[in-house]
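Subject: Structure handover

Hello,

The structure is below, as promised.

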Amino acid sequence: MCIRDRSDGDLVVVGETSEVNLAFSVPSTSRFGIARFNSDGSPDTDFSDDGFARVSFNADAESRPWDVVIQSDGKMVVAGWTNVDSDDDSELNFAVTRLNTNGSLDNSFSSNGTMQVDFGVYDSYAHALAIQSDGKIVVAGTYDFSDGDSKMVVARLNSNGCLLYTSDAADERS
């Protein structure tokens, strides 16, 4: 979970969310959960009608957020990881989304508001992000090899969500 204070005193909180399937009494797949609260602690109903937005990356695939940054225009960029598909054993990729100030997906970001960065056949987890002064987005995390070793990896995105750069996650361990 990550909490960010907006310049107006509101708070933005990101964390994992899921809903219970009442027919089977089991939780559904986890998603990115983004909540915005007014400075008095009440949900901000100008954000996604109830103060809470959910973002999915792949149908029925697990997704978990780790960090959020609020841009100068009030839009929120959230990064974490997602399974490539609904198979729990599938590869994990960096997952990045941008939301408008009203909580909707920003379709000017990677054409649908979400994007993934694939570093290779093993799992990658985004842990932190930053917005550069020129609007470019830097996402950092780890790439885990099958033997348990891991390596730091970095991706740089244009402000529109297009991938500009990824560090090399090849099996060369440095």
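I begin with a salt bridge, meaning a side-chain nitrogen of Lys or Arg within 4 Å of a carboxyl oxygen of Asp or Glu.

Two remarks on conventions. This is a predicted model, in which local features need pLDDT of at least 70 and side-chain atom pairs count only at pLDDT 80 or more, while totals for chains, interfaces and linings use all residues. Residues are numbered from 1 along each chain as its sequence is written, and side-chain values use heavy atoms, with hydrogens and water left out.

Overall make-up

The chain has 14 strands and 0 helices. Both are DSSP runs numbered from the N terminus: helices are H or I with at least four residues, strands are E with at least two. Of the 174 residues in the chain, 44% are buried. The exposed surface comes to about 8700 Å², and carbon and sulfur atoms supply 47% of it; the areas are from the Shrake-Rupley method with a 1.4 Å probe, and for residues only the protein chains shown count as cover. Among contacts (heavy atoms within 4.5 Å) with a separation of 6 or more, 44% are between residues 24 or more positions apart.

Salt bridges

The search of the whole structure finds 7 salt bridges. Three of them are described here.

- Glu-16 and Arg-64 meet through their side chains at 2.7 Å, N to O. Arg-64 is partly exposed, with a relative accessible area of 27%.
- Arg-36 and Asp-44 form a salt bridge at 2.8 Å, N to O. Arg-36 is buried at 5% relative accessibility, and Asp-44 is buried with a relative accessible area of 5%.
- Arg-156 and Asp-134 form a salt bridge at 3.7 Å, N to O. Arg-156 lies in strand S13 (residues 150-157) and Asp-134 in the loop between strand S11 (123-131) and strand S12 (137-144), so the pair ties together parts that are 22 residues apart in sequence. Arg-156 is partly exposed at 28%, as is Asp-134 at 43%.

Salt bridges with shared partners also join Glu-16, Glu-62 and Arg-64 into one network.

An open sheet

Four strands form an open sheet in the order S7-S8-S9-S10, with antiparallel pairing; two strands pair if DSSP finds at least two bridges between them. S7 and S10 are at the edges with a single partner strand each, so one side of each has no neighbour in the sheet. Neighbouring strands of this sheet are turned by 25 degrees against each other on average, direction ignored. For the angles, axes are lines fitted to C-alpha atoms (for helices over the stretch in contact), and values run from 0 to 180 degrees between N-to-C directions.

Strand S8 (residues 76-83) pairs with S9 in the antiparallel sense over 8 bridges. Asn-83 has Leu-92 in S9 as its bridge partner.

Asn-100

Asn-100 lies in the loop between strand S9 (92-99) and strand S10 (114-117). Asn-100 is buried, with a relative accessible area of 18%. Leaving aside neighbours within four places in sequence, Asn-100 is in contact with Phe-47, Lys-75, Met-76, Leu-105 and Asp-106.

Regards

Definitions and conventions
Buried means under 20% relative accessible area, exposed over 50%, partly exposed in between (1.4 Å probe, protein chains only).
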